[in-house]
Amino acid sequence: MTDKNFDENAGVPEGEGSDATASGPASQENPDANEARAAEGSDATPAESVDGFTVDDILNAEQTAEAAAEDTEDDAAASLLNDLKRVQAEYANYRRRTEEQRELEIDRAKGAAAKGLLPVLDDLDRATAHGDLEEGTPFFVIGEKVRAVVERLGVVAYGVAGEEFDPQHHEAIFQQPTPGAEKSTILEVVEVGYRLGDVELRPAKVVVAVPAE
């Protein structure tokens, strides 16, 4: 019995025992340690290096012919766009000036036709002031028709006693010093003025009241 146990123990190689069994499989490396070593290795590479090129290499690189051609095309497109905008603005201004000039020419043409009727209007005003045009009479009807034609042309009469004197539109045929007058005003309208739009057909002839001083 004793010999059998001794033989079994003797079959175990020396140096192999509890220590060999405790060691178990080969130890594995810690992942955190690997990452730390990788980080240390990255410090050795310059931060500005990208795929083997530094920032200075990228900034100092010569522009390729293709890139230069694209830049030239972009500059040409921007120049053409600016030219187009300038032409559009000039055309818009041209249309506006042309329209304004056209309207002015129309007013001048109407004014030339209306000027021939101004003496007739003066006679109608005098006849009305003297009571020669009674309502319902044939001459009264004719006078109203003439006035309606003038109004349709756009002719406007101006010049009323009490208005402030304006040398741009009123023609002073006499100045009357008037006590209490603080500024030049129309004292009497000798001949009514007429305008058509911005066209002056005839200035109003007036007597002007001026300060007595």
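**Figure 1. Contacts along the chain of a predicted model.** Among contacts in the protein between residues at least 6 apart in sequence, 63% join residues at least 24 apart. Contact here means heavy atoms within 4.5 Å. This is a predicted model, in which local features need pLDDT of at least 70, side-chain atom pairs count only at pLDDT 80 or more, and totals for chains, interfaces and linings use all residues. Residues are numbered from 1 along each chain as its sequence is written, and side-chain values use heavy atoms, with hydrogens and water left out.

**Figure 2. Overall make-up and surface.** The protein has seven helices and six strands. Helices (H or I, at least four residues) and strands (E, at least two) are DSSP runs, numbered from the N terminus. Along the sequence the pattern reads α-α-α-α-α-α-α-β-β-β-β-β-β. Of the 213 residues, 14% count as buried. Buried means under 20% relative accessible area, exposed over 50%, and partly exposed in between, with a 1.4 Å probe and protein chains only. The accessible surface comes to about 16500 Å². Carbon and sulfur atoms account for 53% of that surface. These areas come from the Shrake-Rupley method with a 1.4 Å probe; for residues, only the protein chains shown count as cover.

Figure 3. Helix α7 covers residues 138-153, 16 residues in total. From its first C-alpha to its last, α7 reaches 23 Å, close to the 22 Å expected at 1.5 Å a residue. The expected span is 1.5 Å times one less than the number of residues. G154 follows α7, and its phi is positive, near 95°.

**Figure 4. The sheet β1-β4-β5.** Three strands form an open sheet in the order β1-β4-β5, with antiparallel pairing. Two strands pair if DSSP finds at least two bridges between them. β1 (155-158) and β5 (199-202) stand at the edges, each with a single partner strand, so one side of each has no neighbour in the sheet. Neighbouring strands are turned by 30° against each other on average, direction ignored. Axes are lines fitted to C-alpha atoms, for helices over the stretch in contact, and angles run from 0 to 180 degrees between N-to-C directions. Helix α6 (residues 118-129) packs on this sheet and touches β4 and β5. The direction of α6 makes about 135° with that of β4.

Figure 5. β1 and β4 (residues 193-196) pair in the antiparallel sense over four bridges. Here Y158 has G193 in β4 as its bridge partner. β4 and β5 pair in the antiparallel sense over three bridges. On this side, R195 has E200 in β5 as its bridge partner. The hairpin of β4 and β5 has two residues between the strands. In this hairpin, G197 takes a positive phi near 65°.

**Figure 6. The sheet β2-β6-β3.** Another open sheet of three strands has the order β2-β6-β3, with mixed pairing. β2 and β3 (185-191) are the edge strands, and each pairs on one side only. Neighbouring strands are turned by 25° against each other on average, direction ignored. β3 and β6 (residues 204-211) pair in the antiparallel sense over five bridges. E191 stands opposite K205 in β6.

**Figure 7. Close-up of H170.** H170 lies in strand β2 (residues 170-178). H170 is buried, with a relative accessible area of 7%. Leaving out residues up to four places away in sequence, H170 touches Y158, E163, E164, F165, I186, A204 and V206.
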